[in-house]
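Let's take a walk through this model, starting at one spot and widening out from there. Have the viewer open and follow along.

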Amino acid sequence: MNRLPIDLKNADLFKQEAFINGQWTKGTEKKTFPVYNPFNKMIIAEVSDLQVSDLDHAVQAANIAFPTWAKLTSYERSSILTKWHNLIIENERDLATILTLEQGKPFQEALGEIRYGATFIDWFSAEAVRVYGDIIPSPDANKRISVIKQPIGVVVAITPWNFPNAMITRKIAPALAAGCTVLVKPAEDTPLSALALAVLAKKAGIPKGVLNILPTSKPVIAGDFFCAHKNIQKISFTGSTKTGKYLMEKGAATLKKLSLELGGNAPFIVFDDADVDAAVKGAILSKYRNAGQTCVCTNRFLIHANILDAFNEKLALEVNKMKVGDGFLDDTQIGPLINEAAIKKVNFLLNDAIEKGAKIFYSKNTSVDITVISPIILTQVTPDMALSKEEIFGPISAITSFSTEEEAIYIANNTEFGLASYIYTKDNARIHRVTEALQYGMVGVNTGIISYAAVPFGGIKESGFGREGSKYGIDEFQILKYICTDIS
Ligand code: NAP
């Protein structure tokens with residue numbers, strides 16, 4: 001596609017070619033795949049579709065670049081990351097425009113994602129210079145023992161479409177800070193934000209081969225290739241639990257080190273001592289961000305029976321104010337779902353719940369349009385319904401009631417997932433009891449927003465393992481080396 005589908009101040013950010021070894025490339029076979037605007041289904045780009053030979057070229061480039069990048073002082077890497085961060089902020093509106101164009105989320109939300117994504121680069125530019133080792137008291141008088149941390153090597157980052165910018169920066173900022181070189185396989189639906197990041201990375205001075213962006217329409221072949229490759233030391237994956245398990249199985253052959261940020265099934269528990277207005281505010285933020293398409297979005301509302309009516313009514317009043325539609329319109333709060341398969345899945349979950357006895361408490365319009373779903377509130381939701389077990393990934397609130405704290409904890413933990421959870425209560429002792437009992441990697445207490453660069457983001461159980469962000473995030477890209485020196 002030669003003409004830009006949208007006005008940008010910096011048209012250079014709109015790239016359709018892959019980025020390997022510091023060069024823009026169409027790949028050996030010069031094939032492309034289309035990228036769509038999820039709101040109107042128009043083709044917005046034809047992106048280079050890489051083949052295995054191109055991926056191999058990228059691995060070689062990253063492998064050659066690794067020793068030099070790793071040998072820079074952490075101050076030098078930090079300074080380059082800071083330049084990259086500043087360029088992202090300077091270009092934030094263009095980056096948000098590209099993001100809304102390919103992903104559909106409302107422009108202000110896209111801008112929020114660009115700023116959130118940039119905080120990881122800022123955070124890890126600072127963490128780069130705080131990678132400390134240890135001196136360990138020696139059990140032998142003639143030995144001295146130290147531990148150093150070194151970059152693990154060439155890293156692959158595989159990312160989903162729901163955060164086309166931030167899921168990438170959350171991985172590659174710590175990897176680059178640690179001294180690793182990186183290959184990014186962005187989601188097929190949203191490769192443009194990744195390519196735009198590479199334009200600014202090059203401008204910031206990230207050397208050739210250190211960061212490579214590899215769009216491809218063959219994710220399984222690419223995944224198999226990465227898992228089998230001996231020069232790739234680590235795969236950091238964000239996406240579905242199904243794909244995470246697949247990569248773990250395939251990666252076993254080379255004992256690939258993995259970080260897996262997988263799906264969730266977040267409970268949002270409101271006790272009868274809670275501030276219901278605050279809970280509704282938190283519910284809107286946690287449920288409807290990105291049209292319900294985030295891994296930490298509330299999946300199951302568990303509301304104490306004493307406040308059920310009040311909560312439902314207040315939630316419906318707020319949901320009724322939300323505008324659904326084109327992410328580029330100023331008043332849109334809920335954009336389109338990502339693609340037809342997503343619409344079908346949400347439709348299936350809705351019908352299944354209704355067939356099994358759920359009641360529609362609120363709906364402006366239950367008919368599902370081609371790309372956008374209006375918000376729906378379902379009550380009398382039970383554990384046997386598919387939407388109680390699977391991620392809804394759409395703007396449907398599924399509400400169940402409970403009577404005791406033990407019951408709420410039981411229902412909340414009755415899932416194989418363990419990513420985010422939320423509770424609303426004013427009782428301090430209950431906060432401790434319930435947060436400790438919840439089998440989740442993250443608990444929001446009286447808040448529906450929990451993601452920051454400074455915190456360890458990640459799950460337990462089948463939501464995966466590894467942590468992103470925080471002082472722990474860089475560990476995922478380092479090895480510990482113990483050195484024992486005889487001084488006799
Ligand atoms: P997905 O189907 O697993 O895809 C994620 C990424 O993996 C995409 O780039 C995809 O490529 C690629 N992929 C698919 N099959 C692969 C394979 N066999 N080998 C290697 N790569 C493969 O997940 P999704 O539906 O795009 O993303 C939504 C999921 O991500 C949800 O479950 C959500 O909860 C989860 N998520 C988790 C977090 C977290 O931090 N825990 C954050 C955001 C999202 P294609 O695009 O080409 O299919």
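Start at Pro-160, which touches Met-167, Ala-187, Thr-190, Thr-238 and Gly-239, leaving out residues up to four places away in sequence. Contact here means heavy atoms within 4.5 Å. Pro-160 sits in the loop between strand E7 (154-158) and helix H5 (166-178); helices (H or I, at least four residues) and strands (E, at least two) are DSSP runs, numbered from the N terminus. With 14% relative accessibility, Pro-160 counts as buried, where buried means under 20% relative accessible area, exposed over 50%, and partly exposed in between (1.4 Å probe, protein chains only). Its C-alpha atom is 22 Å from that of Ala-177, a residue 17 places away along the chain.

Some bookkeeping before going on. This is a predicted model, in which local features need pLDDT of at least 70 and side-chain atom pairs count only at pLDDT 80 or more, while totals for chains, interfaces and linings use all residues. Residues are numbered from 1 along each chain as its sequence is written, and side-chain values use heavy atoms, with hydrogens and water left out.

Now zoom out. The protein splits into domain 1 (11-262 + 464-483) and domain 2 (266-453), with bounds that come from an automatic or database domain assignment. Taken over C-alpha atoms, the centres of the two domains are 31 Å apart. Where they meet, 28 residues of domain 1 are in contact with 27 residues of domain 2. About 2100 Å² is buried between them, and carbon and sulfur atoms give 63% of that; buried area is the accessible area (1.4 Å probe) that two parts lose on being put together, summed over both. On the domain 1 side, Phe-39, Pro-106 and Trp-161 lose the most area to domain 2, together 25% of what that side buries.

What kind of polar pairing crosses this interface? The rule finds 0 salt bridges there, a salt bridge being a side-chain nitrogen of Lys or Arg within 4 Å of a carboxyl oxygen of Asp or Glu. It does find 8 residue pairs in polar contact across the interface, both residues at pLDDT 80 or more. A polar contact is a pair of N or O atoms within 3.5 Å; within protein, one must be able to donate a hydrogen and the other to accept it, and residues adjacent in sequence count only if both atoms are side-chain atoms. Helix H3 (92-103) and helix H4 (107-127) each supply at least two residues of the domain 1 side, and H4 gives the largest share, 6 residues.

You'll find Ile-338 in the loop between helix H10 (308-320) and helix H11 (340-355), buried at 6% relative accessibility. Apart from neighbours within four places in sequence, its contacts include Pro-38, Lys-41, Trp-161 and Thr-190.

Next, Lys-234, in strand E10 (residues 232-238). Is this lysine buried or exposed? Lys-234 counts as buried, since its relative accessibility is 0%. A polar atom of the Lys-234 side chain lies 3.1 Å from the backbone oxygen of Glu-476.

Side chains of opposite charge can pair when their charged atoms come close. In the whole model, the count comes to 19 salt bridges. One of them joins Lys-245 and Glu-462 (2.7 Å, N to O). Lys-245 lies in helix H8 (residues 241-251) and Glu-462 in the loop between strand E20 (460-461) and strand E21 (464-465), so this pair ties together parts that are 217 residues apart in sequence. Lys-245 is partly exposed at 44%, and Glu-462 is partly exposed at 31%.

Another salt bridge links Glu-405 and Arg-433, with the closest N and O atoms 2.8 Å apart. Glu-405 is in helix H13 (residues 405-413) and Arg-433 in helix H14 (residues 428-437), so the parts tied together are 28 residues apart in sequence. Glu-405 counts as buried at 10% relative accessibility, whereas Arg-433 is partly exposed at 43%. Both belong to a network of salt bridges that links Asp-273, Glu-405, Arg-430 and Arg-433.
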